[in-house]
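Let's take a walk through this one together. Have a look at the picture first, and then we'll go through it piece by piece.

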Amino acid sequence: MKMIRSVRGVKDILPDQTPAWRKVEATAHALAIRYGFQEIRIPLFEQTELFARSIGTATDIVEKEMYTFLDRDGTSLSLRPEGTAGVVRAYLEHNFSSRSPVTKLYYLGPMFRYERPQAGRFRQFHQFGVEAFGTDDPLMDVEVISLLWRFFHTLGISGLTLIINSLGTIAERQAYSEALRQSLSARHADLCHNCQRRLVSNPLRILDCKVETCTHITRQAPVITDFLSPDSSSHFRKVQDGLDLLEIPYVPNPYLVRGLDYYTRTTFEITASSLGAQNAIGAGGRYDGLVELLGGPPTPAVGFAAGLERILLLLPPESIPAPAPLVFVAAFGEKGRIAGFQLLEKLRIHGFTADTDYRAASLKALLRSAHRRSATYTIIIGDDEASAHSVILRNMAEKTQEYLPISSLIDRLRNLVELSRF
RNA sequence: GUGGGUGUAGCUCAAGGGUAGAGCGCCUGACUGUGGCUCAGGAGGUUGCGGGUUCGAAGCCCGUCACUCACCCCA
């Protein structure tokens, strides 16, 4: 029988990793709510056209990275490659704009892209993202960046760099893109093969090419900053002032471009130097044209997405909370096992994290099992104790124990052990 | 889609054409009602898969798959 393995680039998150995941997720929920965002849960798949229209038909994501399939009625559907498109769709579908001028939403969940897996890159990966609709105030840009920055800080992740840029309005970006194309066309022969292709399809992408000759050439080309209107310039200036007010360090970089077509004005990216090739752990920006593009009223918006797998790679061990102390029931003998089984249930009802090992028959084996499970306390109950309606409460680290009636055990443990949450 | 590296026990890895091994982990016992240490024993393998060369292949050759890193792309 051939073993069926998980799909390439799609990972199980095993029990030794889930506490770290819960920490990251809990922090995301707590901070987003603290910043006034509300959780939205959107579908894992949508009509393909939604992604094509919002992300851009010429992007790699839409061109070759989506998991696309036909519904039974022939509609083309795709697994979501990112979260913003679906959130905007839901925002419009449920008329959020008519309920309140400003809507702040966040989401958490898996995304899907057909890519070659490598360090920090998977076909199913998870993102935490926020979207703030209804204001073009630069302070909202700052708020979104601040939330992302504090998120990493709260998790104990350091050594990060915040890079910011402004791409201007759609018109300004187009004007710059054209100027760039003309300027670089003169050096066409000196550009790398890839960039020669980009010159036609998407000149902006040449700016973040890593080939040395290309970067050298682009440093002499026109800079986006010179193509920003006074409005866009002022907006960008105010974003930087806001970051200064909050004492969030940043590096302006006119060569930061983002892969998705819908970004306008502010764009930003937070990178970790220790992460290897896939070093962006959070990125986002303003997308003032997207709501309108998807059929809604003109609505300014700004947001970010953060990659949880990459964050997990950086999460310091001390940020992961210790599990609740375990109370282990070591019950043996005919009467002891019955009394111990009832006691185990009682402990759980009262909120203790409690377990036993049905396989272990001897006290020795039970204690070995308790030790392996890192139990804080072990309750020893054999036939003698069961007959006397008593138990032995053993402190595993101290190797001390006390003999006490079953009736007083719960109260005794309450003084010793912290309860589990639910 | 392209290129490099790696596939041997649950895990980390040896064996470099001649009997498939070690450490860790797991189980049992020494210790019949008290865990960690020690000692002894035990279980666990189609050497990723398929073909080829050879008297003989974990090893060499070809193919294939997977993992991994990088390009690309991006969170």
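Which element gives the most to the surface near RNA strand B? It's α14, which puts in 6 residues. Keep in mind as you look around that this is a predicted model.

Now zoom out to the whole set of neighbours. RNA strand B is surrounded by 47 residues, and the closest are R198, R258, A280, M396 and K399. Of the RNA atoms that come within 4 Å of the protein, 50% belong to sugar and phosphate. As for what kinds of residues make up the surface, you'll find 22 charged, 15 nonpolar and 10 polar.

Time for some individual contacts. At A280, a polar backbone atom sits 2.2 Å from a sugar or linking oxygen of RNA strand B. R368 uses its side chain instead: an N or O atom there is 3.1 Å from a phosphate oxygen of the RNA. Then there's D384, with a polar side-chain atom 2.5 Å from a base oxygen of RNA strand B.

Finally, step back to chain A as a whole. Its domain assignment gives domain 1, made of 18–168 + 228–318, and domain 2, covering 326–412. Taken over C-alpha atoms, the centres of domain 1 and domain 2 are 50 Å apart.

How values were computed
Residues numbered from 1 in each chain as written. Chains lettered and ligands numbered in written order. Predicted model: local features only at pLDDT ≥ 70, side-chain atom pairs only at ≥ 80, totals over all residues. Heavy atoms only, no water. Near = heavy atom within 4 Å. Polar contact = N/O pair within 3.5 Å; in protein donor to acceptor, adjacent residues only side chain to side chain. Helix = DSSP H or I, 4+ residues; strand = E, 2+ residues; numbered from the N terminus. Nonpolar A, V, L, I, M, F, W, Y, C, P; charged D, E, K, R; others polar. Domains from an automatic or database assignment.
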